[in-house]
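Me: I am new to this structure and would be grateful for a close look at one part of it, the nonpolar core. Please set that part in the context of the whole chain.

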Amino acid sequence: MNFKDGANNPYSILGLPLGADIDLVKAIYRSMVKIYHPDIFVGDKTFASERLTELNAAFEFLSDPKQKQA
């Protein structure tokens, strides 16, 4: 997922305010993964898998200080 073009916002994917610190990002990411993990999610497993992919991409982007500055 490309966040540099401005089409996607990693903060909105995680439901965080803009500029949230890394500790909050980690906490929200972990709680969201527990909800949307395909083995746990009660509902459409395809949706859960796609949502988990979005969450992983957003967390990876925000946990890298160089990418986050951009």
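Reply: The account below begins with the chain as a whole and then turns to the core and some individual residues.

This is a predicted model, in which local features need pLDDT of at least 70, side-chain atom pairs count only at pLDDT 80 or more, and totals for chains, interfaces and linings use all residues. Residues are numbered from 1 along each chain as its sequence is written, and side-chain values use heavy atoms, with hydrogens and water left out.

The chain contains 4 helices and 0 strands, where helices (H or I, at least four residues) and strands (E, at least two) are DSSP runs numbered from the N terminus. The order of the elements from the N terminus is α-α-α-α. The radius of gyration, taken over C-alpha atoms, is 12 Å, close to the 11 Å that the globule rule (2.2 Å times the number of residues to the power 0.38) gives for 70 residues, so the chain is as compact as a globular protein of that length. Along the principal axes, the C-alpha atoms fill a box of roughly 35 × 25 × 15 Å.

Of the 70 residues, 31% are buried; buried means under 20% relative accessible area, exposed over 50%, and partly exposed in between, with a 1.4 Å probe and protein chains only. In soluble globular proteins, nonpolar side chains tend to be buried together. A nonpolar core is here a set of buried Ala, Val, Leu, Ile, Met, Phe, Trp, Tyr and Cys residues joined through side-chain atoms within 4.5 Å.

The largest nonpolar core has 20 residues, and Phe3, Leu14, Leu16, Val25, Tyr29, Leu55 and Leu62 touch the most other members. Helices α1 (10-14), α2 and α3 each supply at least two residues of this core, and α3 provides the largest share, 8 residues.

Contact means heavy atoms within 4.5 Å. Leaving aside residues up to four places away in sequence, Tyr29 touches Leu14, Leu55, Asn56 and Phe59.

Arg51 is placed in helix α3 (residues 45-63). Arg51 counts as buried because its relative accessibility is 14%. With residues up to four places away in sequence again not counted, Arg51 touches Ile13, Met32 and Tyr36.

Ile22 belongs to helix α2 (residues 22-36), and its relative accessibility of 29% is why Ile22 counts as partly exposed. From C-alpha to C-alpha, Ile22 and Thr53 are 19 Å apart in space, and they are 31 residues apart in sequence.
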